[in-house]
Structures are given as C-alpha cells and as structure tokens.
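Subject: Structure for your review

Dear colleague,

Please find below the structure that I would like to hand over to you. My notes on what was found in it follow directly after.

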Amino acid sequence: MSGEVALNINIKEPRWDQGTFMGRAQHFFMVTDPRTVLLSSETLDEARVIVENYRAGIVRPGLTEDELWRAKYIYDSAFHPDTGEKMFVIGRMSAQVPMNMTITGCMLTFYRTTPAVVFWQWVNQSFNAVVNYTNRSGDAPITLNQLGAAYVSATTGAVVTALGLKSLASRLPPIVSRFVPFAAVAAANCINIPFMRQRELKFGIPVTDENGNRLGESPNAAKQAIAQVVVSRIGMAVPAMAIPPVIMNALEKRAFMKRFPVLNAPVQVGLVGLCLVFATPLCCALFPQKSSMSVSGLEADLQESIRQASPGTTTVYFNKGL
C-alpha cells in the first residue's frame, strides 16, 4: 500500500495476524532479516524517531504506510520491546543467522577432538548467553554478579553435557557421532536459557491486560515464557544440525571432497546457513510473541490483586522473549 499514512494504524502490534502461524512467520521473517544487522546507527535512530513520533500522534510529512511499517520492523529488530533500549548487535534476532551459521558450521566440522568440542561449545554457549540476556522478557535490571553467575553456570553445564555425550558417542558409528553437537546444543538450551533468565523465574515478568495496562509480575508467566523459548530454540537447531551432517557424510565420500578437504568447513557453514534462513523465523513463530495465560494460572496473591483492580480480566498477556 502506498500514499500518505493514516493516523489509526496500530504499530504496537505486528503487521500480520499473530493468531495464525503464517502471520507470525511473516512477522519473524522481517524481525530476523539478517540484512538489518548492517544498518547504521543513524538509520536505526531514524526508525526509532518515526515509530515513537507516530505513537505520539506526530507524522512526518510525506510518510507512507510502507515506510512506517519498514521503520517499525527496523525498530523491532534493534530495540528491546520492554525497555526500549538498543540491543547489543550480536544479541539481536537479526544476527541469529550469520552468527549461528558460523558457529554451528564449525561445531559440526570440528567435532572429533575434545579441545575442539570444548572450544566451540564454549563459543556457542557464550553467544547464546548474550542472545538470551539481550532478548529476555521484562524490564527489571540484572546485576553483574547475577549475570556472571548465570553465564558461568550455563556455559559450564553446556560444555560438560557436550563432553559427556561425546564420550558416549565414541563407541557408536561415525554418523551418530556427527549428531553429538545437536544433542549437546539441545541439552544446553535447557540449561542456558533458564540460567540466563533466572531472575524472571524468581521475581516474575510483567503481565498486562488486553489493553497493555500492567497488572503485576508473575513467575508462573515466566515459566511458560521460558519453556516456549526453549522449545523454539531447540526447533531452530534441528534442521541446521540434523540435515547438514547427513549431506556431509555423503559428500566426504566423494573424490572432490577427498581431494579438497579444505572445502569441508565452508560447505558445512553454507548448508547450515541455508537451513537457518528458514528455521530461525519459522521456529520463532511457533508461539505468539505476545503470549497469554489465564488469570487462574497465576500466583494466588496476583490473582487476588487482579480481581480487585480489574475484575473483568480473565486473561493476561506478556512478552515471552525470544
């Protein structure tokens, strides 16, 4: 749609229907578009000004609806939905494809020796820790001590898990060994995400009514949010870490790969990248970003508080994080 923008567009919500998987997929294809990582700070700040001004009822002369939506998705790709702060660049969801294709490709290529397993699992979980912290739900600050403890616990657990699985796989066929990195990543996600978001589990995340009015903080909502993120992250890893090993196992038997073994890493990284371009947005779309739960599922004291402050509210909403 072109022409000057109308004044009643709800840019607090995505452009597509989030009640359907396809609508969420279209939304996340925009949010995870790796090209936005290359945008300058000036472009990001310009998008922020357009979005914040529009929300305040101020429209730049000549602004079209397409330009408004582009600004909204540039804004969403770089600024935290709860705090509004500009996110660390490698922690943004738009950086997931280029970062993960490099790290995962190397994990799948250099999985045979223990030092390589330790190094790449440490790199992967360090990156995941940044992503999990950057895309946490809520606006409460986390101290450096809390962040440090969570990082050490998460990365240590992930590396120990990887080494344990590698030891078991050493007695299995070579093709099975290729799947050790995936099993380790899946297990590590179950450790890393809750550790990096443990403050939410303890103190809760903000819940609102359907109009966005804040009603309190709920640890139960945090549990649901984190569980959904764990499932999505493991889903992202399935194609990228399960398909390339099968293809590479076949390719490495071919004469050209035996003649040019240096091609192993770039080919593997390319295959992982191809999988991630689709897996990242599609798995982000498994659950709505604005998740919900019944008031009856909240803590007893919060339920009572909501009944008194907003007796007609039966469902609360929260940002589940990514």
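The protein chain contains 13 helices and four strands, where helices (H or I, at least four residues) and strands (E, at least two) are DSSP runs numbered from the N terminus. Its radius of gyration is 22 Å, close to the 20 Å that the globule rule gives for 322 residues, so the chain is as compact as a globular protein of that length. The radius is taken over C-alpha atoms, and the globule rule is 2.2 Å times the number of residues to the power 0.38.

This is a predicted model, in which local features need pLDDT of at least 70 and side-chain atom pairs count only at pLDDT 80 or more, while totals for chains, interfaces and linings use all residues. Residues are numbered from 1 along each chain as its sequence is written, and side-chain values use heavy atoms, with hydrogens and water left out.

Overall dimensions and packing

Along the principal axes, the C-alpha atoms of the protein chain fill a box of roughly 65 × 50 × 35 Å. Buried residues make up 48% of the 322 residues; buried means under 20% relative accessible area, exposed over 50%, and partly exposed in between (1.4 Å probe, protein chains only). Of the contacts (heavy atoms within 4.5 Å) between residues at least 6 apart in sequence, 76% join residues at least 24 apart. The accessible surface comes to about 15400 Å², and 63% of that belongs to carbon and sulfur atoms. Accessible areas come from the Shrake-Rupley method with a 1.4 Å probe, and for residues only the protein chains shown count as cover.

Annotated segments

The unreviewed UniProt entry places the feature "transmembrane region" at residues 175-195, 225-247 and 267-287; UniProt positions are given in the numbering used here, feature names are shortened, and annotations may be inferred rather than shown by experiment. In the model, residues 225-247 are 100% helix and 0% strand, with the end C-alpha atoms 34 Å apart. Residues 267-287 are 86% helix and 0% strand, and their end C-alpha atoms are 32 Å apart. Ile 247 belongs to helix H10 (residues 219-251) and is partly exposed, at 33% relative accessible area. Its C-alpha atom is separated by 18 Å from that of Phe 278, 31 residues away along the chain.

Nonpolar patch

Phe 278 is also one of the residues of a nonpolar surface patch, together with Phe 21, Met 22, Phe 29, Val 231, Leu 274, Val 277, Leu 282 and Leu 286, with about 790 Å² of accessible area together. Patches are made of residues with over 30% relative accessible area and no salt bridge: like charges are joined within 9 Å, nonpolar side chains (Val, Leu, Ile, Met, Phe, Trp, Tyr) within 5 Å. Helices H1 (21-31) and H12 (264-284) each supply at least two residues, and the largest share, four residues, comes from H12. Leu 274 lies in H12 and counts as exposed, at 54% relative accessibility.

Salt bridges

The whole structure has ten salt bridges, each a side-chain nitrogen of Lys or Arg within 4 Å of a carboxyl oxygen of Asp or Glu. Arg 35 and Asp 33 form one of them (2.8 Å, N to O); Arg 35 is exposed at 63%, whereas Asp 33 is buried at 15%.

Glu 46 pairs with Arg 60, their closest N and O atoms being 3.7 Å apart. Glu 46 lies in helix H2 (residues 41-55) and Arg 60 in the loop between H2 and helix H3 (65-78), so the pair ties together parts that are 14 residues apart in sequence. Arg 60 also meets Glu 67 in a salt bridge (3.6 Å, N to O).

Yours sincerely
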